[in-house]
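Welcome! Let us walk through this structure together, one part at a time. Please have the sequence and the 3D view ready.

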Amino acid sequence: MGIDLGTANTLVYVSGQGIVLQEPSVVAIDQDLKIPLAVGEEAKKMLGRTPGNVIALRPLRDGVIADFDTAELMLKTFIRRVHEGRSLVSPRIIIGIPSGVTGVERRAVIEAATQAGAREVRLIDEPIAAAIGAGLPVAEATGNMIIDIGGGTTEVAVLSLQGTVISESVRVAGDELNEAIVQYMKKVHNLVIGERTAEEIKIQVGSAYPTPEDDDVMMEVRGLHLLSGLPRTVTIKGPEIRESMSEPLSVIVEAVKRTLERTPPELAADIIDRGIMLAGGGALMKGLDTLISHETGIVTHVAADPLCCVVLGTGRVLENKQLERVFSGQSSRNM
């Protein structure tokens, strides 16, 4: 079983079956009874809409486990769902994690998966998994550059011969773009909106690079007016949302430039030839490939299925013994 344990979404790949589960990484818990009420899509609908005794939370922040017990519970639920309730199954699991996490954070992931019932846990760095999932020839002696923009982290890596030559992980990604929109709406329109509304704005009218059709894109946003304290509807336009996200986007672009500056010349020549590959949910943002091409002068492509690249990569590693060298860090075997 291959798992992309993401800040925003968790995806599960089962050997021989493909991707069998794709759910938001959210758990809703009844605080009085200390029991989970919902996990995944059901729990996401509850974000910001729960009564006092129910809390909907995301156990992962910035790509790492922030709430251990909840993460373990979420993994258990997903594994059980995949196996349709059969509790005796102890799968071999490969989990994709950000390349910049510490040894302690790696152990926390292994521990959570082991407690959730895994027989053996191996870790793989997300950039390598994403590159394999996007179909890049990582086994060859050529430079491949991948940018994996998730919910909590952006991973920029140059890969060659099944290994990472240079990588940089910045904890600025989809969540920070949402937060930038929340702050902008508060500051400019005096409107308080929630995380889910900010995400809808980003998906519908957000863009990273100006295009003529952007200027006409409009959206009505409902929220609480700061001054009157009453619900209010405001109309926003594409360019102002692009402006609001410019700061976190520039952090991502700077990380790409820093990585390119440190790339050995032979590999840099390969990257100019082949271009840069964008993966992860953040790659779906309109105009992001154009922005990176404009800033670096290198052609940038978006992967065919950016959301599923990491989990497809873990699946290919599961099914292909020749890719054994890509694992990172320690593994646990509870045979």
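Which residue is the bridge partner of Arg222 in S16? It is Thr233. Before we look around that pair, a few words on the ground rules. This is a predicted model, in which local features need pLDDT of at least 70 and side-chain atom pairs count only at pLDDT 80 or more, while totals for chains, interfaces and linings use all residues. Residues are numbered from 1 along each chain as its sequence is written, and side-chain values use heavy atoms, with hydrogens and water left out. Helices (H or I, at least four residues) and strands (E, at least two) are DSSP runs, numbered from the N terminus. Two strands pair if DSSP finds at least two bridges between them.

Contact here means heavy atoms within 4.5 Å. Axes are lines fitted to C-alpha atoms, for helices over the stretch in contact, and angles run from 0 to 180 degrees between N-to-C directions.

Let us follow the strand pairs. Strand S15 (residues 218-225) is joined to S16 by seven antiparallel bridges, and Met219 stands opposite Ile236 in S16. Between S15 and S16 lie five residues, making a hairpin, and Gly229 in the turn has a positive phi of about 75°.

Four bridges hold the antiparallel pair of strand S4 (residues 27-30) and S5, and Asp30 stands opposite Ile35 in S5.

How do two helices meet? Helix H4 (residues 126-133) and helix H11 (residues 309-319) pack at an angle of about 85°, with their axes 6 Å apart. That makes H4 roughly perpendicular to H11, a term used for angles of 65 to 115 degrees (under 35 is roughly parallel, over 145 roughly antiparallel, and the rest oblique). Among the residues that meet are Glu126 and Ile132 in H4, and Leu312 and Arg316 in H11.

Finally, step back to the domains, whose bounds come from an automatic or database domain assignment. The assignment gives domain 1 (2-128 + 311-327), domain 2 (139-172 + 250-306) and domain 3 (174-244). The C-alpha centres of domain 1 and domain 3 lie 30 Å apart, and eight residues of domain 1 are in contact with five residues of domain 3. About 510 Å² is buried between domain 1 and domain 3, with carbon and sulfur atoms giving 29%. Buried area is the accessible area (1.4 Å probe) that two parts lose on being put together, summed over both. In domain 1, Lys44, Leu47 and Arg58 lose the most area to domain 3, together 58% of what that side buries.
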